[in-house]
Amino acid sequence: MNKEYRYQLESRRLTGHQPRKLTCPHCGKKKCFVRYVDTHNGFRYVADTVGKCDHLHSCGYHYKPSDYYRDNQWAAEPKPHDTSYCQPKPLPPFQPMPMEYVVRSHSPKSIFWQWMTTQVAKRLNLTDQQLCQVYDDYLIGATRRANVIFWQIDKQGQVHSGHIMHYRIDGHRDGFQGWTHIPLIRTGLLPPDWTLYQCLFGEHLLTRRPEAHVCLVESEKTALVMAACQPQYLWLATAGSGGLSAEKLSCLKGRRVTLFPDSGCYDKWSQQMQQCHDIDYNVSKRLESYPPNTDLCDLLLAEM
């Protein structure tokens, strides 16, 4: 047993039995998510969202116990029964990515944006001006393989990373997703200890629109479609149902916010928002009567 860390990923070597793998809270793939256990307290799980996805390159989700207790101050870290272990090493400080990557990738040549400018534009009767505004505001990027890049840029204009996703021409994902920082670390353009600290998708627009009512959804796709249809609101995305944390939402302090969780996530989002202070928020139940995982974009396109 490795006695250097109190928290370790569940493994047969550690606990004597095969780890129970869950559905990843980020990419949604089944039986690929391994949770952290507390070696000081009977190998109990820290939380169901605290762990690592097996799909390192296509997903890259890795939520560490130190991040969890930092993000959820209401969840007091249990006192260890055995103090012979050392605490996990502190995470390296946040290092923003160069803005030049955002500028170089800013391109409409992704399959996702083709879907936006053809099918979505036609069904929702959107103008070229409306779509161009969204494209420029959110700095939509594209890879050489025509995957879309959803850049996460904070209020200070610092680039956190780019969420890469592959969409088919019908607007549905084929399961592939990744992050721009992964190949940059692999090729030495970012240091090997570079750590992803996520922020909200569209967060950089908060300073540009200080009086706008903020609407928060889960997926970047939904935020973009809604931004084109209802530009009077500022649409942001968490990039995952587990993306609500006090630290991540601190940028919304003093703002009026309406949250639109996907159907089936109302209770989860309501509970998570209880840790967020100084935010005038309301959690909408609008989608709860629809099939699981229905979002505003699905509803809007179905109605049209």
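Analyst: A helix axis here is a line fitted to C-alpha atoms over the stretch in contact, and angles run from 0 to 180 degrees between N-to-C directions. Helices (H or I, at least four residues) and strands (E, at least two) are DSSP runs, numbered from the N terminus. This is a predicted model, in which local features need pLDDT of at least 70, side-chain atom pairs count only at pLDDT 80 or more, and totals for chains, interfaces and linings use all residues. Residues are numbered from 1 along each chain as its sequence is written, and side-chain values use heavy atoms, with hydrogens and water left out.

User: Why are α7 and α9 called oblique to each other?

Analyst: Helix α7 (residues 220-229) and helix α9 (residues 296-303) pack at an angle of about 50 degrees. Angles under 35 degrees count as roughly parallel, over 145 as roughly antiparallel, 65 to 115 as roughly perpendicular and the rest as oblique. The two helices are therefore oblique, and their axes are 8 Å apart.

User: Which residues make the contact between α7 and α9?

Analyst: On the α7 side they are Lys221, Thr222, Val225, Met226 and Cys229, and on the α9 side Leu296, Cys297 and Leu300 (contact: heavy atoms within 4.5 Å). By class, six of these residues are nonpolar, one is polar and one is charged.

User: What makes Thr238 count as buried or exposed?

Analyst: Thr238 has a relative accessible area of 0%, so it is buried; buried means under 20%, exposed over 50% and partly exposed in between (1.4 Å probe, protein chains only). Thr238 sits in the loop between β11 (234-237) and β12 (256-259). Beyond its neighbours within four places in sequence, Thr238 touches several residues, including Gln198, Leu216, Glu218, Lys248 and Trp269.

User: How do you know that Lys21 and Asp54 form a salt bridge?

Analyst: Their side chains meet at 2.8 Å, N to O, and the rule asks for a side-chain nitrogen of Lys or Arg within 4 Å of a carboxyl oxygen of Asp or Glu. Lys21 lies in the loop between α1 (12-15) and β2 (33-38), and Asp54 in the loop between β4 (51-53) and β5 (62-63), so the pair ties together parts 33 residues apart in sequence. Both ends are partly exposed: Lys21 at 35% and Asp54 at 39%.

User: How many salt bridges does the rule give?

Analyst: The count comes to six. Among them is the pair Arg35 and Asp48, whose closest N and O atoms are 2.9 Å apart. Arg35 is buried at 3% relative accessibility, whereas Asp48 is exposed at 52%. Another joins Asp137 and Arg208, also with a closest N to O distance of 2.9 Å. Asp137 is in helix α5 (residues 128-137) and Arg208 in the loop between α6 (181-186) and β10 (214-217), 71 residues apart.

User: What makes β6 and β9 edge strands?

Analyst: Four strands form an open antiparallel sheet in the order β6-β7-β8-β9. β6 (141-142) and β9 each have a single partner strand, so one side of each is left without a neighbour in the sheet.

User: How do you know that β8 and β9 pair?

Analyst: Pairing needs at least two DSSP bridges between the strands, and β8 (residues 159-167) and β9 (residues 173-179) share four, in the antiparallel sense. Tyr167 stands opposite Arg173 in β9. In their hairpin, with five residues between the strands, Gly171 takes a positive phi near 90 degrees. β6 and β7 (residues 148-153) pair over two bridges, and Ala142 has Val148 in β7 as its bridge partner.

Definitions and conventions: Nonpolar A, V, L, I, M, F, W, Y, C, P; charged D, E, K, R; others polar.
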